[in-house]
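Student: I've got this one open on my screen and I'd like to talk through it. Can we start with the charged side chains and go from there?

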Amino acid sequence: MQDPPRIRDFAHQPDADDIDWLRGDDETPNGLDSRGAPIELVTIAKSPEESSGESTSVHDGSRQEPRTGEQIPPGVPSLAPIIDQDEPGFDERRKVNRVLEWYHIFFISLSGTLGVGLYVQGGSILRLGGPYVLLSSFLGLGILAWAVMQGVAEMLCLWPISGALTEFVKSFVDEDLGTAVGLAYWFSYTAGFAAVTMTLADEVAFWSADPYLKAFLLLSGIPISMVGLNTLGVQVYAWIEFIGGTAKLLFIFGIIISTLGTIIERSKNGESVTSRWHGSHFDASATKTQAFAFFMSFRIAAFAFVGIEITAATALEAKASTRQVAHGVPEEDQAMPVETKRVVPITRLKRPATKIPIVVGCVYILAAFMIALGVDSTDPCLPAQPWTLPTATPVATCSSTKSNSAFVFAAQSVNWKHFPDVITAFIVFTAFSAANTQLYVGSRTLFSLARTSHSAWGKLGRTTRTRLVPLSAVLATSILIPFPFLSYLSKSPKEVIFDVLNTTSSLLCVIVWLCECIAFIRFFYCMKRHQVKLNDEPISTFDPPFDRFFRGTRKYPWVSHGQSSHPFMTFFALGGCLFILIIANFACLWSGFDWRPFLSSFLAPILFVLVFFYLKLRRGLPYKDWTWLVPLDHYTRDLVPILRRLQDIREKSILAESEERAPVAQDPDVEALPWWRRKLNDLF
């Protein structure tokens, strides 16, 4: 088929601010596209009535040059190059510092995951269903988290890009669903930040119930210090989390060992090691059977595993080394200089992405076993569900409880001076570190969403001039800072609010996991369908090459475990997410309807569906024209544009090291402003 007639468009020649990859951000020689071919900006000739005086050299990115020997589908003109109209011109205020090493990312992810979910939710599950339910829920969530990260880590190894979780769903499932995933992920950490700070305030009350001290810590100490730490720059934050994450890991092993010590101490006093193990126990005031408690426990335990995907959020600021790849020349034959080389970014996200679920799962299972042995599940002081069945018989009430942590209960069972205070201090530090990381992750997620927006909310995608911190996004993520003051309420409404916050946070994160599983499954089978054409591509058309199913010398970055020929682990993860969202979520209503568990269980899914349909409606299309899945059937028309787009996002996000460290040029008009106006301009 002959291409439609093409003419050069001399009326509008793009400049350096219009096309990022002509500016040389990725050190691609000017005049060459990402494949090393000469760039010829062209436009399709339009009839006079169609012409509007604007250049048509930019199209929607869904039509590409065909590969050699491949026919263009009818009605699809050949255009080159592809320019994303939605991408704003280069803005110095959208730069970030890419300084995070793999060990920074590992401990940031660890700090965000090892939070209060273990210390508080562990005791809650123990009271709800007993030791077997506690162990099975943490074991099941640990396996599920590992399975989810298999697919996410494989895609991250290919495209370590900003807003990775959003972009993966946009590219392989649906664009509006990807935006909804980004918003859900942001609100998950915003709600989690509020829930953790509420827990932090309650744990501080172990030492003093003075309302003035509590108000000082809530108002002045905790939230302001967290926002302040997140404005110091990612370099400072990274080392704070590296030190804090290391300390947190040592603390939790210290708590596990000390809990084992309390068990040994009680056995010396004549108490049997298994005397507190009540296998058939369940909380009759919250559920009718232990089987119901088993299903309900997964919904509660999910909060403890929120954060295993934080590696994807840190890709925005991950340090990237580069290597040059010559077009059409194998890497092993590139000793001689080649004039047309492309700089390819390399980020080391595989190690933290694949190891965090294993570390967290092992720590949680070991800690849950210690809780099951060291704490009596019939203790009325353990945290209960915020509702009571109307037909339930009255249970014993706790006369004096100062902590919600099961480890503090174990420490109080022996006469070790100041030991409960030490455990509480560890938990307070852990909660502070987790909340600080949740503020970081939420702000970077919101920044990535707003970074390419032309609307007013695009200001959330700007960074400060000096430290390159997305301060507006940090402040927006801390919008629920006043919520911890609700801890002044009486016990019942406070427990309901906390349950709604942490359940909303965990279920929104599970929804994000579910969408990432769908994205990977579609990516996997798309790669498998087009594997012959992908293997036939020149060596540097895509880097790294998509030779996933090639049995020879494979250069594919990483093949996830158990998924060499079929995505078995991701299908398992998909089923696990659906199990939590449907079966485990409904289990709290099986013993009778109550508005409190209904609100906490279904607020997150309802919000997500409403946002998704709002994004569909704002397109202004009739329902019959809505699209639900990105087409991936045709290689040239469907798949190649997606792969090139993701590759372009990756390469454009890598600035030369000298450019990253170069000071931002000051605007003369800004310099003439008063000092306080200059400071505000620097921040916002």
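Student: Okay, which residues are linked in a network of salt bridges?
Tutor: Keep in mind that this is a predicted model. Side chains of opposite charge can pair when their charged atoms come close. Here several such pairs join up, and the linked residues are D174, E175, D176, K616 and R619.

Student: How far apart in sequence are the parts that R619 and E175 tie together?
Tutor: The two form a salt bridge, with their closest N and O atoms 3.3 Å apart. R619 sits in the loop between α18 and α19, while E175 belongs to helix α6 (residues 175-204). So the pair links parts of the chain whose separation in sequence is 444 residues.

Student: Are R619 and E175 buried, partly exposed or exposed?
Tutor: Buried needs under 20% relative accessible area and exposed needs over 50%. R619 comes out at 43%, and E175 at 42%. Because both values fall between the cut-offs, R619 and E175 are each partly exposed.

Student: What about E317 and R444, buried or exposed?
Tutor: Their side chains meet in a salt bridge at 3.1 Å, N to O. E317 is in the loop between α10 (310-314) and β3 (320-326) and R444 is in helix α13, so this pair ties together parts 127 residues apart in sequence. As for cover, both E317 and R444 are buried.

Student: And R529 with D633: which class of exposure does D633 count as?
Tutor: The side chains of R529 and D633 meet in a salt bridge at 4.0 Å, N to O. R529 lies in helix α15 and D633 in the loop between α18 and α19, so parts 104 residues apart in sequence are tied together. R529, at 49% relative accessibility, counts as partly exposed. D633 has 57%, and because the cut-off for exposed is over 50%, D633 counts as exposed.

Student: How many salt bridges does a search of the whole structure find?
Tutor: The pairs we went through include R619 with E175 and E317 with R444. Searching the whole structure gives a total of 13.

Student: On to the rings. Is the pair Y237 and Y440 stacked or edge-to-face?
Tutor: A pair of aromatic rings is described by the distance of the centres and the angle of the planes. By the rule used, the count comes to 43 aromatic pairs. For Y237 and Y440 the centres are 4.5 Å apart and the planes are at 15°. Since planes under 30 degrees apart count as stacked, this pair is stacked.

Student: Which helices do Y237 and Y440 lie in?
Tutor: Both residues are buried. Their pairing ties together parts that are 203 residues apart in sequence, because Y237 is in helix α8 (residues 234-268) and Y440 is in helix α13 (residues 419-450).

Student: What is the angle between the planes of W239 and F242?
Tutor: These two are 3 residues apart in helix α8, so about one helical turn separates them. W239 is partly exposed at 43%, and F242 is partly exposed at 23%. Their rings form an edge-to-face pair, 5.3 Å centre to centre, with the planes at 80°.

Student: Where is M527, and which residues does M527 touch?
Tutor: M527 lies in helix α15 (residues 491-529). With a relative accessible area of 3%, M527 is buried. Leaving out residues up to four places away in sequence, M527 touches L534, F546, F549, L639 and L643.

Student: Last one: where is the pLDDT below 50?
Tutor: The chain averages a pLDDT of 76, and 73% of the residues score at least 70. One stretch below 50 still has 153 contacts in the model beyond near neighbours in sequence, and that is residues 1-90. Another has 10 such contacts, and that is residues 655-663.

Key. Residues numbered from 1 in each chain as written. Heavy atoms only, no water. Helix = DSSP H or I, 4+ residues; strand = E, 2+ residues; numbered from the N terminus. Buried < 20%, exposed > 50% of the residue type's maximum accessible area, 1.4 Å probe, protein only. Contact = heavy atoms within 4.5 Å. pLDDT = per-residue confidence, 0-100. Phe/Tyr/Trp six-rings, centres within 6.5 Å; stacked < 30°, edge-to-face > 60°.
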